[in-house]
Amino acid sequence: MNTELKTPDSMPSVAVRNVSLNFGSVEVLKSLNLDIAKGEFLVLLGPSGCGKSTLLNCIAGLLDVSAGQIFINGKNVTWEEPKDRGIGMVFQSYALYPQMTVEGNLTFGLKNARLPREEISKRVARAAEILQIEPLLKRKPAQLSGGQRQRVAIGRALVREAEVFLFDEPLSNLDARLRAELRVEIKRLHARLDNTMIYVTHDQIEALTLADRIAVMKSGTIQQLDDPITIYNKPRNLYVASFIGSPSMNFLKAELSSAAILRFEGQNVGLRGYDFAAPQSVNLPIVFGVRPEHVRINAANDAESYEAMVELVEPMGSDSLVWLKLGGQTLSARVESSERHHPGERVRVSFRVGLSSIFDAASGERL
Amino acid sequence: MAETIALDGPSGPKPRRAISGRNIMIYGTLILVSCYYLLPLYVMIVTSLKGMPEIRLGNVFAPPVEITFEPWVKAWSTACTGLNCDGLSRGFWNSVRITVPSVILSIAIASVNGYALANWRFKGADTFFTILIVGAFIPYQVMIYPIVIVLREIGLYGTLKGLVIVHSIFGMPILTLLFRNYFTSMPEELFKAARVDGAGFWGIYFRIMLPMSLPIFVVAIILQVTGIWNDFLFGVVYTKPDVYPMTVQLNNIVNSVQGVKEYNVNMAATIITGLVPLIIYFVSGKLFVRGIAAGAVKG
């Protein structure tokens with residue numbers, strides 16, 4: 001079959017086709033497929049070593065793939081040099097050329113491409129204006145703060161006027177406040193430029209706030225590719241469920257006693273409102289996943305509630321995390337910080353079943 | 001009363017006495033050791049400033065009664081080695097003509113080697129590197145004769161060019177290792193960024209890597225200049241009398257058997273020969289120590 005892609009409308013901005021990468025006998029990427037639409041903000045999310053940065057480097061052309069193809073704008077770039085792929089890249093360590101001024105950093109790529117001087121200064125002026133780094137143009141990177149450096153690094157990608165922006169954990173080296181600030185700035189930048197952006201991170205907050213779609217990765221495969229809300233509310237398997245969400249989801253061992261009833265610590269939980277993907281067999285051991293904010297304490301109007309004991313309370317400012325012991329299992333609940341609980345207290349706990357997840361205990365897949 | 005408690009007792013830095021057992025021990029040892037090492041130099045300088053009659057008196061440590069620079073002048077311009085009687089000046093210029101091209105050539109090649117090995121992982125890079133490093137551990141003496149034959153066959157035996165090539169080759173393993181390790185320690189993302197920016201092999205080397213690696217170049221220059229300047233073995237084996245480097249010529253002056261032993265001239269000649277590494281040492285200071293540490297692998 002011819003690999004040239006179809007009409008311009010449906011043509012993905014970046015397409016990864018069956019890409020594998022091996023370092024010796026280690027399979028880092030396992031036959032990955034990924035289509036990224038024009039103007040989309042895609043986040044590759046996963047723990048370190050899951051292959052997310054490797055995939056980004058493959059797309060950038062900094063690593064040769066062992067098998068498969070990569071298309072950017074419908075052009076097969078599998079064998080192209082990074083400079084010919086129409087990409088701009090931003091790195092975690094900023095990777096600014098230390099001996100050049102900010103201006104030198106911005107123009108280095110353009111000079112290599114032998115662009116006319118007016119064009120270069122036009123682009124630099126535009127990037128500097130967008131990123132508000134005009135006063136810094138004559139400085140050396142060493143004289144800049146972390147946030148300013150990363151802004152210059154983004155500028156270096158910007159002046160290339162690339163179709164596709166690649167971000168390799170760009171905010172990981174910054175402190176928490178700057179990270180939040182630049183996160184908003186990147187989102188604003190995306191709204192303004194409307195480029196395709198691929199963003200690698202291990203920070204789920206960054207992923208959830210920035211992404212149009214998130215690809216959750218684990219050992220070289222994509223576990224789930226969906227928009228942030230779906231990823232958060234309907235994780236496809238136990239791995240995604242445990243990786244996304246902070247504080248993390250509660251996992252309770254239970255059993256499916258009928259299609260609508262869950263058996264849990266000797267008690268029945270009605271499953272009204274839960275959307276099963278397929279009809280289920282009964283007496284199946286399952287994992288009942290419920291996020292802390294979907295666990296309610298002493299809610300008067302909940303029909304089904306279960307007795308539990310407060311173990312520990314973690315106040316977090318806007319709300320508090322209450323650790324509970326229900327039968328032999330531990331779970332956490334997120335409550336308003338105005339609600340006061342103390343260790344040893346006996347409470348009634350109820351679940352918002354419609355927002356929970358049920359996983360097959362054996363396969364870890366969502367039911 | 002928390003405040004009164006805080007005001008009493010020790011506060012600020014702990015006072016240290018200038019004269020303590022520990023300090024006496026440290027400085028005493030240092031002074032003793034430096035005297036031990038500086039004594040020969042003192043004798044050399046003192047002797048080189050004396051006339052022969054004064055030397056014959058035998059007071060090696062006594063300062064010169066009558067200071068004369070005659071021996072220095074003689075050592076530099078009129079001392080005889082074999083048929084030539086133009087002193088060390090000939091050897092000095094020979095050494096310069098050997099050292100300068102060797103240092104430039106070996107560092108130029110080794111830095112590119114190291115850069116390629118560190119950043120462009122080409123096929124067989126590891127094998128190549130291993131072979132190079134093994135080269136650093138083979139005793140020079142083993143290779144002397146084979147190299148004589150090679151130089152003879154290509155018609156460079158006994159010439160300065162031949163010696164320059166030999167020095168460049170023998171500097172290669174240690175210098176490549178030095179540069180490779182330095183370039184490996186530079187952030188890889190910088191190299192990636194430059195590739196995305198469209199710089200090629202030489203573009204990245206000259207525009208990104210070189211400006212960042214001044215320290216290692218200085219270390220390499222120190223290492224090579226002192227090493228090649230002080231070399232005696234290759235100089236005596238691969239050159240002929242009229243292109244002998246300074247060290248070989250010095251040996252010929254000091255060890256000449258005819259006539260009177262002119263100790264003052266010998267001392268002056270030795271100091272002149274050692275002056276170049278000495279100056280490099282004083283000028284480069286800390287970097288020299290780093291160079292020596294890096295060269296420690298060489299043994």
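Q: How many helices and strands does chain B have in this predicted model?
A: In this predicted model, chain B has 15 helices and zero strands. A strand would require a DSSP run of at least two E residues, and chain B shows zero strands.

Q: What radius of gyration does chain B have, against that of a compact globule of 299 residues?
A: The globule rule is 2.2 Å times the number of residues to the power 0.38. For a compact globule of 299 residues the radius would be near 19 Å, but chain B has 26 Å. The C-alpha trace of chain B spans about 80 × 75 × 30 Å along its principal axes.

Q: What share of the residues in chain B is called buried?
A: A residue is buried if 20 or more other C-beta atoms lie within 10 Å of its own. In chain B, 32% of the 299 residues are buried. As for contacts in chain B with a separation of 6 or more, 74% of them join residues 24 or more positions apart.

Q: What makes a set of residues a nonpolar core, and which residues touch the most other members of the largest one?
A: The members must be buried residues of the nonpolar kinds listed for a core, joined through C-beta atoms within 7 Å. The largest nonpolar core has 138 residues, and A:Ile59, A:Leu166 and A:Ile198 touch the most other members. Helix 8 (residues 160–185) of chain B gives the most to this core, with 12 residues. Another core, of 11 residues, lies apart from it and includes B:Ala79, B:Leu88, B:Met246 and B:Ala268.

Q: Which residues does A:Leu166 touch, not counting residues up to four places away in sequence?
A: With those neighbours set aside, A:Leu166 touches A:Leu56, A:Ile59, A:Ala60, A:Ile87, A:Met89 and A:Ile198.

Q: How many residues does the contact take from chain B and from chain A?
A: Chain B supplies 14 residues and chain A supplies 17 residues. On the side of chain B that touches chain A, helix 9 (188–196) and helix 10 (201–212) of chain B each supply at least two residues. Helix 9 of chain B gives the most to that side, with six residues. The residues on that side of chain B divide into eight nonpolar, two polar and four charged.

Q: Why are strand 6 and strand 10 of chain A said to stand at the edges?
A: Strand 6 (87–90) and strand 10 (221–226) of chain A each have a single partner strand, so one side of each is left without a neighbour in the sheet. The open sheet has six strands in the order 6-7-8-3-9-10 (chain A), with mixed pairing. Its twist averages 15° from one strand to the next.

Q: What makes strand 6 and strand 7 of chain A a pair?
A: Pairing requires at least two bridges between the strands. A:Gly88 stands opposite A:Phe165 in strand 7 of chain A.

Q: Over how many bridges do strand 4 and strand 5 of chain A pair?
A: Strand 4 (residues 67–72) of chain A and strand 5 of chain A pair in the antiparallel sense over two bridges, where at least two are needed. A:Asn76 in strand 5 of chain A is the bridge partner of A:Phe71. These strands belong to an open sheet of four strands with the order 2-1-4-5 (chain A) and antiparallel pairing.

Definitions and conventions:
Residues numbered from 1 in each chain as written. Chains lettered and ligands numbered in written order. Predicted model: local features only at pLDDT ≥ 70, side-chain atom pairs only at ≥ 80, totals over all residues. Buried ≥ 20, exposed ≤ 12 C-beta atoms within 10 Å, placed from the backbone. Contact = placed C-beta atoms within 7 Å. Nonpolar A, V, L, I, M, F, W, Y, C, P; charged D, E, K, R; others polar. Axes fitted to C-alpha atoms, helices over the stretch in contact; angles between N-to-C directions.
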